[in-house]
Amino acid sequence: MTQMSSNRWINVDLDGQTEHAAAEATVKFLLEVQAALFSKGSEENKPLLTVPFDRFDPNHLQFILATVGSGEVRATVGDSIRLEETMIEGLWRIQENGVDRFEVVCVPDVLLKNLSDEFLTVPTQTPEGVFAASAILQELSSAQRTEDLQSLSFEPPYTVEISRQPLSPADGEFIEKVLGKGVIDISISGFARAHIQSTAKKGIWRNRIFNNAGKALFDAYVVTKMPPEVGESIEQMQSGAKRCDEILSWLKEDLASGRL
């Protein structure tokens with residue numbers, strides 16, 4: 001777990017009185033977030049808390065954003081929606097059509113509302129140089145019809161790894177053309193960098209993992225409603241509630257000592 005201290009807020013350029021008020025507003029906000037994260041409603045993936053940015057004084061918001069930081073998951077939906085998880089598991093920052101909000105939820109609804117819904121039809125004719133693509137597309141089509149694409153799951157999804165397949169460039173191009181592109185683009189940072197992209201077909205995602213040098217370590221198509229790396233399980237959201245505890249303890253200590 002990340003350790004924090006008042007050093008985190010050094011770069012927030014506020015006068016002492018404003019900084020103190022901002023810290024108090026942050027404590028109040030984090031207590032709301034913590035209560036939402038501990039609630040049981042997350043089992044249905046309903047938003048547990050929604051707080052628009054305009055609820056806060058702009059100076060206080062600057063302090064809050066520095067406090068909650070950025071997590072590992074970032075995503076875009078087309079050109080009008082951007083979102084990222086904060087360092088508190090289950091707390092998301094979402095910008096939709098230029099309007100920002102915080103949301104406590106397992107998986108943001110703006111992602112679920114923009115899932116592809118078309119079933120895959122495997123072409124009977126293939127271009128010259130295509131050999132293995134049809135078998136892979138048939139496997140994805142079968143999985144699309146047998147996997148549960150209605151419910152969120154945090155179990156490993158059905159996976160067809162293509163980085164180990166003897167695919168020709170024509171095979172790869174044909175698979176990409178048949179599956180098309182969806183509107184959801186997700187990046188996940190960590191020990192390696194993951195790039196997950198929705199295809200135009202229901203429940204089929206392209207999942208690639210790169211090392212720090214940009215070399216692909218893993219390349220696969222997965223079949224699931226939403227890749228499990230993207231959202232947070234109930235257990236992970238409760239870890240987010242505990243992370244709130246850590247941040248709150250530092251804030252309260254700094255407020256009591258006069259450092260904030």
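Close-up 1. Asp117 is found in the loop between α3 and α4, where helices (H or I, at least four residues) and strands (E, at least two) are DSSP runs numbered from the N terminus. The C-alpha atoms of Asp117 and Ile204 are separated by 9.9 Å, although the two residues lie 87 residues apart along the chain. Residues are numbered from 1 along each chain as its sequence is written. Because the model is predicted, local features need pLDDT of at least 70 and side-chain atom pairs count only at pLDDT 80 or more, while totals for chains, interfaces and linings use all residues; side-chain values use heavy atoms, with hydrogens and water left out.

**Close-up 2. Ser116 and its contacts.** Ser116 lies in the loop between α3 (109–112) and α4 (133–146), and it counts as buried because its relative accessibility is 18%. Its side chain reaches the backbone oxygen of Thr199 at 2.5 Å, a polar contact being a pair of N or O atoms within 3.5 Å, of which, within protein, one must be able to donate a hydrogen and the other to accept it, with residues adjacent in sequence counting only if both atoms are side-chain atoms. Leaving aside residues up to four places away in sequence, Ser116 touches Gly182, Thr199, Ala200, Lys201, Lys202 and Gly203 (contact meaning heavy atoms within 4.5 Å).

Close-up 3. Strands β7 (residues 184–188) and β8 (residues 193–198) run antiparallel and are joined by 4 bridges, two strands being paired if DSSP finds at least two bridges between them. On β9 (residues 204–210), which pairs with β8 in the antiparallel sense over 6 bridges, Arg208 stands opposite His195. The hairpin of β8 and β9 has 5 residues between the strands, and in it Gly203 takes a positive phi near 75 degrees.

Close-up 4. The 10 strands of the open sheet follow the order β1-β5-β4-β3-β2-β7-β8-β9-β10-β6, with antiparallel pairing. Its edge strands, β1 (49–52) and β6 (158–161), each pair on one side only. From one strand to the next the twist averages 20 degrees, with axes taken as lines fitted to C-alpha atoms, for helices over the stretch in contact, and angles running from 0 to 180 degrees between N-to-C directions. Helix α2 packs on the sheet, touching β4 and β5, and its direction makes about 45 degrees with that of β5.

**Close-up 5. The buried face of α2.** In helix α2 (residues 58–68), the buried residues are His60, Leu61, Phe63, Ile64, Thr67 and Val68. Seen down the axis of α2, these residues fall within an arc of 160 degrees and therefore line one face of the helix, the arc being that of the directions from the helix axis to the C-beta atoms. They pack against α1 (16–38), β4 (91–96), β5 (99–104) and α6 (234–257). At the start of α2, a side-chain oxygen of Asp57 reaches to within 2.7 Å of the backbone nitrogen of Asn59.

Methods
Buried means under 20% relative accessible area, exposed over 50%, partly exposed in between (1.4 Å probe, protein chains only).
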